[in-house]
Amino acid sequence: MLNETTQALINGAFKKKPNLKMTIGVLQGGNTTLKLLEASGEVPYTSYSYEIGSVGKTLTTSLLAKYVESGAMNLDDSVAKYIPKLGDGKYYPTLRRLATHTAGYSSALPMNAKEFRSVAWKQITGKPVSALDLLGMDFDKLITTAHAQVLEDKNYSWQYSNFGMALLGCAVGRAAGMSYADAMTQFLAEALKLPNTIVGEAGAKNLLSGHDSAHRDVGTWNANRDNYTSPAGNFTSTAEDMLEFARRNIEEEPSCLRLCHELHDLKSKHSNMGLGWWIDAKQPSIYYHGGNTDGFASILAFDKQAKTAVVILTNVRNYRQREKLFKEILKTL
């Protein structure tokens, strides 16, 4: 699992980061292997919770799939069908387009252009920044932001959108007849059986403190579970739970998860999309998604054909080599 190439990638992650912790988990042949790494090397394993950021988008689309399979939602419905407050006087994207980032929403939303440039500059220059302060929304801001966008009824070029996923999560909650956070909590417990995966972080076990790109301790988001941005990435989880989620996707258990694996062709030489999942264009049996928060970086990947999976969780923001690392590990399995 940790050959010369993977060890070099790991060593690079720890450079000048003495307090970094990294959990690597592997699923192979129905068995799991878990390693906890620190600057000094591998240490006795302890299960920690990490902010998983945008990996949570795949949980949101999995919950969507539940309601699509039951007939309560249709992927080609307008999101306005489930959020009447949007009104019916203009076009709003379909659920499918929201789930595949082809709805046309800017990556900056709900931030305006000035706010987005300010956050981007702080990130580039290594200054402390809490993105959630600007990404966070209540219901009124969600609706106001959606009203302000003018879109056409077409598949736009792929553009990653936290706002689009937040809008999708709101629609799913309305279809469920409860808040998104309550619907997701029920789904995690009853359908996916992931006891240590939660919306927000209240009650997370052994939650680590995060570090920014300059390795300053930035704590955790401490975000309210009912924040309307939660569907886009306000989750905490453990390596054990993430490998179990991967296993369930591989085995399509529950059966609604298969809907998330249907390929949406982006005409890209690098990757395509399922619902929420990136699909490797060269190896279409590999599904993956990464996540960043202000102090954490993560990635979950599984090979549906080989029935293997890798999760990498770190308490430092923007670990850029995680994609290379998971692919190298999958090669060894």
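Two strands pair if DSSP finds at least two bridges between them, and helices (H or I, at least four residues) and strands (E, at least two) are DSSP runs, numbered from the N terminus. The model is predicted, so local features need pLDDT of at least 70 and side-chain atom pairs pLDDT 80 or more, while totals for chains, interfaces and linings use all residues. Residues are numbered from 1 along each chain as its sequence is written, and side-chain values use heavy atoms, without hydrogens or water.

**View 1. Strand β12 sits between two antiparallel partners, β11 and β13**. On one side, β11 (286–292) pairs with β12 in the antiparallel sense over seven bridges, and the two are joined by a hairpin of four residues. Within this pairing, Tyr287 faces Phe302 of β12. Strand β13 (residues 308–314) is likewise joined to β12 by seven bridges and runs antiparallel to it, with Ala297 standing opposite Thr314 of β13. The hairpin that β12 and β13 form also has four residues between the strands, and in its turn Lys307 adopts a positive phi of about 60°.

**View 2. The two faces of β12 are both buried (under 20% relative accessible area; exposed is over 50% and partly exposed in between, with a 1.4 Å probe and protein chains only)**. Ala297, Ile299, Ala301 and Asp303 point one way from the strand, whereas Ser298, Leu300 and Phe302 point the other way. Because seven of the seven residues of β12 (residues 297–303) are buried, the strand is largely enclosed by the rest of the structure.

**View 3. An open sheet is built from three strands in the order β4-β8-β5, with antiparallel pairing**. Its edge strands, β4 (50–51) and β5 (198–199), each pair on one side only. Two bridges connect β4 with β8 (residues 235–237), and these strands run antiparallel; in this pairing Tyr50 stands opposite Ser237 of β8.

**View 4. Two cavities of 30 Å³ or more are counted**. On a 1 Å grid over the protein atoms alone, a cavity is a set of points where a 1.4 Å probe fits but cannot get out, a pocket is an open set with protein on both sides within 12 Å along at least five of seven lines, and lining residues have an atom within 4 Å of a point. Points are joined across faces, edges and corners, and a volume is the space filled by probe spheres set on them. The largest cavity holds about 50 Å³ of space, and its lining consists of Arg97, Leu98, His101, Thr102, Ala103, Gly104, Tyr105, Gln159, Ser161 and Gly164. The second largest cavity holds about 30 Å³ and is lined by Glu51, Gly200, Glu201, Trp221, Asn234, Phe235 and Thr236. Among these lining residues, Glu51 belongs to edge strand β4 (50–51), while Phe235 and Thr236 belong to β8 (residues 235–237).

View 5. Of the 14 residues in its lining, Asp280, Lys282, Gln283, Ile286 and Lys327 lie nearest the centre of the pocket. At least two lining residues come from each of β10 (278–280), β11 (286–292) and α10 (322–332), and the largest share, four residues, is supplied by α10. Strand β11, which contributes to this lining, is also the strand that a hairpin joins to β12.

**View 6. The loop between α3 (95–99) and α4 (113–125) contains Pro110**. The peptide bond leading from Leu109 to Pro110 is cis, with omega near 5°. His101 is found in the loop between α3 and α4 as well, and has a positive phi of about 60° although it is not a glycine. His101, one of the residues lining the largest cavity, counts as buried because its relative accessibility is 2%.

**View 7. The loop between α9 (239–251) and β9 (271–273) contains Pro254**. Glu253 and Pro254 are joined by a cis peptide bond with omega of about 10°. Glu252, placed in the loop between α9 and β9, has a positive phi of about 50° without being a glycine. At 31% relative accessibility, Glu252 counts as partly exposed.

**View 8. Helix α7 is mostly covered, with 13 of its 15 residues buried**. Just after α7, Gly177 takes a positive phi of about 80°.
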